[in-house]
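This note comments on the salt bridges of the structure shown below.

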Amino acid sequence: MLEVNHIDKTFLAGTPNEHHALCDVSLHLKKGEFVTLIGTNGAGKSTLMNAVSGTFWLDRGTILLDGEDITYKKEHKRSAQIGRLFQDPMKGTAPDMTVEENLAIAYARSKRGALQFALKKSDSAFFREALADFGMGLEERMKTKVGLLSGGQRQAVTLLMSTIAQPKLLLLDEHTAALDPSAAEKVMEITNRIVKQQDLTTLMITHNINQALHTGTRTIMMNAGKIILDLSGEERENMTVPELLELYAQKNHGELDNDRILFSE
Ligand SMILES: Nc1ncnc2c1ncn2[C@@H]1O[C@H](COP(=O)(O)OP(=O)(O)OP(=O)(O)O)[C@@H](O)[C@H]1O
Ligand SMILES: [Mg+2]
């Protein structure tokens, strides 16, 4: 479903702050695969998602989505096919609009590629049903301005907005990291359900190494702009958190002490 082939990106090339953020990165995700992505701060995880979303042009390499070469496709055009969530629950929703209006915009945009929307009764019933499925009581708050919701409720709405039109790819950039533990758990539960229901191809960045090993079916590790580990199948099933930390240390020449903190839950 997603094919990232030998991509390279250097920021601020030719300046003292030049940074080679993605170095010959290749990654293939099969339809319905749920992949977790870990790595220390600055490893290039968000940059990889930005590359897939089209935030900048690549220096080299190609990106294909469902067989289509999207390497030179503009970001706003890709957004209909790619759902994305960030750590900050404030991102991705319009705070002064109601839950229902936010959902209607997301739905209309993805269906018609336009911003105009008309709230149809049938759409409203569809949103209500989808929200009720979350078990957070959000179906009773459809007329509430999104800005008044809690972080967890807001992330749940954003998750529904990002997936309501069944995108080809879902990118989650530490989308539960800013939430309290119970809200994080709830949002993760909803995430798992939506991914399963839609058989969504998903890439999720997390700093929680336990979650990285036990969510989805495959775990990828990045360091200094490169993919340094790709675990799946039996190898992943048998891997423990301490073993993975040890493997990380080996691949990074003994930086375990620092990374233990960064990877802590
Ligand atoms: N637009 C940009 N301009 C300049 N440098 C950038 C840009 N985007 C990312 N970088 C740099 O690329 C490197 C990788 O950043 P990135 O945000 O991908 O890290 P990350 O793995 O997501 O880290 P974190 O876990 O902290 O979110 C960093 O050194 C960052 O400063
Ligand atoms: Mg990041």
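1. With which residue does Lys-168 form a salt bridge, and how far apart are the closest N and O atoms? In this predicted model, the partner is Asp-66, and the closest N and O atoms are 3.3 Å apart. Lys-168 belongs to the loop between helix 5 (151-163) and strand 7 (169-173), and Asp-66 to the loop between strand 4 and strand 5 (68-69), so the pair ties together parts that are 102 residues apart in sequence. Lys-168 is partly exposed, at 28% relative accessible area, and Asp-66 is also partly exposed, at 43%.

2. A salt bridge also joins the side chains of Asp-59 and Lys-9, with an N to O distance of 3.9 Å. Because Asp-59 sits in the loop between helix 1 (45-53) and strand 4 (60-65) while Lys-9 is in strand 1 (residues 2-11), this contact ties together parts that are 50 residues apart in sequence. Asp-59 is partly exposed, with a relative accessible area of 47%, whereas Lys-9 is buried, at 11%.

3. Asp-230 and Arg-218 meet through their side chains in a salt bridge of 2.8 Å, N to O. Asp-230 lies in strand 10 (residues 226-232) and Arg-218 in strand 9 (residues 218-223), 12 residues apart. Asp-230 counts as partly exposed at 39% relative accessibility; Arg-218, at 10%, counts as buried, because the value is under 20%.

4. Asp-8, Asp-24 and Arg-60 are joined into one network by salt bridges that share partners.

5. For the overall count, the structure holds 11 salt bridges.

Terms used: Residues are numbered from 1 along each chain as its sequence is written. Chains are lettered from A and ligands numbered from 1 in the order in which they are written. This is a predicted model: local features need pLDDT of at least 70, side-chain atom pairs count only at pLDDT 80 or more; totals for chains, interfaces and linings use all residues. Side-chain values use heavy atoms; hydrogens and water are left out. A salt bridge is a side-chain nitrogen of Lys or Arg within 4 Å of a carboxyl oxygen of Asp or Glu. Helices (H or I, at least four residues) and strands (E, at least two) are DSSP runs, numbered from the N terminus. Buried means under 20% relative accessible area, exposed over 50%, partly exposed in between (1.4 Å probe, protein chains only).
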